[in-house]
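Trainee: I've got a structure open on my screen and I'd like to learn how to read it. Could you walk me through it?

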Amino acid sequence: MSGPSATAGQGSRRRDAQASRDAILRAARIMFARHPYTDITLKAVAERAGVSAPLIVKYFGNKERLFAHILSFEEDTDALLDAPLEELGRHMVVQLLTSQAERATAPVLRIAFAPLHSSHGEHGDVLRANFRRQVVARLTERLTGPDAAVRAELALSMLLGLGIMYGIARGDAVRAADIDDLADRYSPALQDLLTGRR
């Protein structure tokens, strides 16, 4: 079958597949934040995500590969830093908030759920190390001028704070505001850090 209806059907399947992947990752991140890694099963992740365990295997292979995916920030950072430096502050704000508004997730925010207790073994340490290497260090490399590392960490602190208010604390006023308006208000201070202006 070909033609517009076949194309529309393929587009719908791709959207459904992406929604299922997002639900699986969201469920795994929440469970990882709340339970020891050894206690988490694919069946439990599937139940929380509203999908079948075989679907998780289809998309991710096994539990180890699923958690390797959620412990990595590489793809998230590619999207977050995909703008020229002079436009990066606004891009980062819009990227973060749009992801939360449209997909109910902002993957870079999962650092806020990095488990601190030892029941996760080394996985919490891996998540934090990946965040430092894959997000903080990559942003630092993009910056010029003095104190780039401090400025990168401060800029990410600002961004994470906004993301927490929007997506975790669910601030009513922030969530009701237009994303472009929020970016207009928030990104100048973020951009000042990124470009080294005082």
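Trainee: Among contacts in the protein between residues at least 6 apart in sequence, what percentage join residues at least 24 apart?

Mentor: A contact here means heavy atoms within 4.5 Å. In this protein, the answer is 67%. Before we go on, a word on the ground rules: this is a predicted model, where local features need pLDDT of at least 70, side-chain atom pairs count only at pLDDT 80 or more, and totals for chains, interfaces and linings use all residues. Residues are numbered from 1 along each chain as its sequence is written, and side-chain values use heavy atoms, with hydrogens and water left out.

Trainee: What is the mean pLDDT of the protein, then?

Mentor: pLDDT is the predictor's confidence in each residue, from 0 to 100. The mean here is 86, and 86% of the residues reach 70 or more. Confidence is lowest in H1, with a mean of 74, and highest in H10, at 97.

Trainee: What share of the residues is buried?

Mentor: Buried means under 20% relative accessible area, exposed means over 50%, and partly exposed is in between (1.4 Å probe, protein chains only). Buried residues are 42% of the 198 in this protein.

Trainee: How many aromatic pairs does the structure hold?

Mentor: Rings of Phe, Tyr and Trp (its six-membered ring) pair if their centres lie within 6.5 Å; planes under 30 degrees apart are stacked, over 60 edge-to-face, and the rest tilted. You'll find two such pairs here. Tyr37 and Phe67 are edge-to-face, with 5.2 Å between centres and 90 degrees between planes. Tyr37 is in the loop between helix H1 (4–34) and helix H2 (42–49), while Phe67 is in helix H4 (residues 63–70), 30 residues apart. Both Tyr37 and Phe67 are buried.

The other pair is Phe73 with Phe131, also edge-to-face, at 5.3 Å centre to centre and 75 degrees between the planes. Phe73 lies in the loop between H4 and helix H5 (74–80) and Phe131 in helix H7 (residues 123–142), so this pair ties together parts 58 residues apart in sequence. Phe73 has a relative accessible area of 0%, so it is buried, and Phe131 is buried too, at 9%.

Trainee: Which charged residue sits over the ring of Tyr59?

Mentor: A charge sits over a ring if NZ of Lys or CZ of Arg is within 6 Å of the ring centre and within 35 degrees of the ring normal. Over Tyr59 it's Arg21, whose charged end is 5.9 Å from the ring centre. Likewise, Arg175 lies over the face of Tyr166, 5.0 Å from the ring centre.

Trainee: Is Gln191 buried or exposed?

Mentor: Gln191 is buried, because its relative accessible area is 8%. Gln191 belongs to helix H10 (residues 179–195). Skipping residues up to four places away in sequence, Gln191 touches several residues, including Leu85, Glu87 and Arg197. Gln191 and Glu87 are 104 residues apart in sequence, yet 7.7 Å apart in space, C-alpha to C-alpha. Also, a polar side-chain atom of Gln191 lies 2.8 Å from the backbone oxygen of Leu85.

Notes
Helix = DSSP H or I, 4+ residues; strand = E, 2+ residues; numbered from the N terminus. Polar contact = N/O pair within 3.5 Å; in protein donor to acceptor, adjacent residues only side chain to side chain.
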